[in-house]
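Here is a short briefing on one chain. Take the sequence and the model together, then read the points below.

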Amino acid sequence: MKKITVIAIGFLLCNLANAEVYRCVIDGKVSFSDKACPGAGKAIDVKVSPPSGPGSDAEMQVIQSDRDRIQSNEKIRQNLDNRLKVRQLDEEIDNAQVRLRMLSSQMESELKALKNKKRSANNNLAGAVYEQSISSEMNAVTASYNNKIIIQKNEIDRLQREKQILMSN
């Protein structure tokens with residue numbers, strides 16, 4: 001049903017486009033109408049020129065100039081986008097390096113506290129067991145922080161590779 005309505009409207013519009021135009025002179029004033037004028041109205045031919053094909057050389061040069069300008073602007077935009085991404089990567093690398101230093105500092109701080117605990121162990125069997133448990137705890141702290149440090153270093157390497165790729169483009 002909708003298709004039929006659309007087609008019918010299309011035919012009506014086509015008929016309107018081909019309707020006659022009348023030139024009327026009423027009280028010395030010229031007017032145009034789609035209906036015949038009473039009295040001295042005449043039907044006139046309205047010539048519609050077809051759309052122009054390829055333009056003149058000057059028009060083609062303007063079009064090519066516009067295309068060149070658009071391409072140049074696109075290259076500039078891509079260059080600016082790359083610069084922005086490189087800056088963001090630099091910032092991420094800096095932040096990752098700060099986190100890496102913090103992890104190292106935290107590890108050293110925890111190990112220092114554990115070493116101080118170890119010094120206070122008595123020089124007997126109970127002290128030896130206590131000292132052994134602190135040594136195990138120190139090993140666990142070192143392993144834990146080393147894993148976190150390795151992950152952070154890998155992240156920094158990944159960011160630096162990504163930065164290199166962007167800078168080579």
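In this predicted model, Val25 has Val30 of strand E2 as its bridge partner. Strands E1 (residues 21-26) and E2 (residues 29-33) pair in the antiparallel sense over 5 bridges; pairing requires at least two DSSP bridges between two strands. Local features need pLDDT of at least 70 and side-chain atom pairs 80 or more, while totals for chains, interfaces and linings use all residues. Numbering starts from 1 along each chain as its sequence is written, and side-chain values use heavy atoms, without hydrogens and water.

**Hairpin and surface patch**
- E1 and E2 form a hairpin with 2 residues between them. Asp27 in the turn has a positive phi of about 55°.
- Val25, Val30 and Phe32 make a nonpolar surface patch with about 280 Å² of accessible area together. Patch members have over 30% relative accessible area and no salt bridge; nonpolar side chains (Val, Leu, Ile, Met, Phe, Trp, Tyr) are joined within 5 Å, like charges within 9 Å. Areas come from the Shrake-Rupley method with a 1.4 Å probe, and for residues only the protein chains shown count as cover.
- Phe32 lies in strand E2. Phe32 is exposed, at 54% relative accessible area (buried is under 20%, exposed over 50%, partly exposed in between; 1.4 Å probe, protein chains only).

**Overall fold**
- The chain has 3 helices and 3 strands, in the order α-β-β-β-α-α. Helices (H or I, at least four residues) and strands (E, at least two) are DSSP runs numbered from the N terminus.
- Buried residues make up 14% of the 169 residues.

**Helix H2**
- H2 (residues 57-119) has 63 residues and spans 92 Å from first to last C-alpha. That is close to the 93 Å expected, taken as 1.5 Å times one less than the number of residues.
- Its buried residues include Leu89, Ile93, Leu100 and Met107. The buried residues of H2 pack against helix H3 (125-168).

**Salt bridges**
- The count is 6 (a side-chain nitrogen of Lys or Arg within 4 Å of a carboxyl oxygen of Asp or Glu).
- Asp66 and Arg69 meet at 2.6 Å, N to O. Both lie in H2, 3 residues apart.
- Asp81 and Arg77 meet at 2.5 Å, N to O. They are 4 residues apart in H2, about one helical turn.
- Asp90 and Lys163 meet at 2.6 Å, N to O. Asp90 is in H2 and Lys163 in H3, so the pair ties together parts 73 residues apart in sequence.
- Salt bridges with shared partners join Glu74, Arg77 and Asp81 into one network.

Notes:
Contact = heavy atoms within 4.5 Å.
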